[in-house]
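A plain account in paragraphs will do.

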Amino acid sequence: MIPRDPSCPRVAFVLPGGGSAGAVQVGILRSLLEAGVYPDVFVGCSVGALNSAFLARCPTLDQVGRMEDLWTGISTADVFGSGWYRAALRLAMRRDHVCSPAPLRALIRTACPVQNLSDLPVPVHVATTDLDHGVLRWWTAGPAEDILYASACLPGLFPPAILDGVRHVDGGVLEPVPVMRAVDLDAARVYVIGEATDPHDPPPGGRTALEVLLRSFAISRYGRLPHAGSLARPGQEVIEVPGASTAGIPMTDFSHTRWLMAESRATSRAFLRQSRLRAGA
């Protein structure tokens, strides 16, 4: 076997997108750190990029506790705003978005109060979608707020971010579960924080226009995802760490955060315990 480059990360944490399902990641991250598993690099898109940046400031259990406090206080209005009259007006005026970016940007400044993405103590790779050229773009340096906003910028809901003179939107458009980035970094062990499947099953009853848009977006992102474990190369291991099921919970619904974090911690702890037992056997 060809020896690994010692400069390559040993452990990578991959954090997918998913809106309110980002609370699942918080519970799993606590379990991993409690088990003594710490990342050398984070790879994230959308809400996963925000969670990555928050924990990369100080990957400790105390920081996970602060992440839990932040998530517990988030409401739909904190992300998407509450001015639905203005949203309808923007739609009628044929604007390129329906939600104000101000609440989301304010949340990002709280989660990642650094100027440059490269200022984070643990490297973070953030995915965005170049809207003008239709390609995926990766960032490890640059204006942190703008890059994280771009990665979480759901197209049509928020105005695109301008990076290097080009429009960028949610990295999840092209890479909802960015496992390949971690594999390409030659990480020995890649932990996917949450299972790489569409977390949003259709809720019962009717749908609003926003719910139809978001559901369609989720289908397009997750419809043809390969199994994460199949992407590992020789000498690598890709591990999907499961959390709570988010079936029936819209990505805009933040009312289940406490339960998602607690259930995800319990589920992932049991998974890690069984994995250690199997490894020992």
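Val41 has a relative accessible area of 4% in this predicted model. A residue counts as buried under 20%, so Val41 is buried. Val41 belongs to strand β2, which covers residues 41-45. Leaving out residues up to four places away in sequence, Val41 touches Pro9, Val11, Ala12, Phe13, Val122, Pro123, His125 and Leu185.

Strand β1 (residues 11-15) runs parallel to strand β7, and four bridges join the two. Within this pairing, Val11 stands opposite Arg189 of β7. Strand β7 also runs parallel to strand β8 (residues 237-241), to which five bridges join it. Here Arg189 has Glu237 as its bridge partner in β8. Strand β7 itself spans residues 189-193 and is mostly covered, with four of its five residues buried.

Tyr191 shows what surrounds this part of the chain. Neighbours within four places in sequence aside, Tyr191 is in contact with Val11, Ala12, Phe13, Val14, Leu32, Val37, Ile239 and Val241. A second core, separate and made of 15 residues, includes Val14, Ala127, Val190 and Val238. The largest nonpolar core has 62 residues, and Tyr191 is among those with the most contacts inside it, along with Phe13, Trp71 and Phe158.

Two packed helices are described by the distance between their axes and the angle between them. For helix α2 (residues 47-56) and helix α7 (residues 144-152), the axes come within 7 Å and cross at roughly 145°. By class, the contact between α2 and α7 has five nonpolar residues, one polar residue and no charged ones. On the α2 side the residues are Ala49, Leu50 and Ala53, and they meet Leu148, Ser151 and Ala152 of α7.

What does the whole protein look like in numbers? The protein has ten helices and eight strands. Of its 281 residues, 50% are buried. The accessible surface comes to about 12,800 Å², and carbon and sulfur atoms account for 55% of it.

Note on methods:
Residues are numbered from 1 along each chain as its sequence is written. This is a predicted model: local features need pLDDT of at least 70, side-chain atom pairs count only at pLDDT 80 or more; totals for chains, interfaces and linings use all residues. Side-chain values use heavy atoms; hydrogens and water are left out. Buried means under 20% relative accessible area, exposed over 50%, partly exposed in between (1.4 Å probe, protein chains only). Accessible areas come from the Shrake-Rupley method with a 1.4 Å probe; for residues, only the protein chains shown count as cover. Two strands pair if DSSP finds at least two bridges between them. Axes are lines fitted to C-alpha atoms, for helices over the stretch in contact, and angles run from 0 to 180 degrees between N-to-C directions. Contact means heavy atoms within 4.5 Å. Ala, Val, Leu, Ile, Met, Phe, Trp, Tyr, Cys and Pro count as nonpolar, Asp, Glu, Lys and Arg as charged, and the others, Gly among them, as polar. A nonpolar core is a set of buried Ala, Val, Leu, Ile, Met, Phe, Trp, Tyr and Cys residues joined through side-chain atoms within 4.5 Å.
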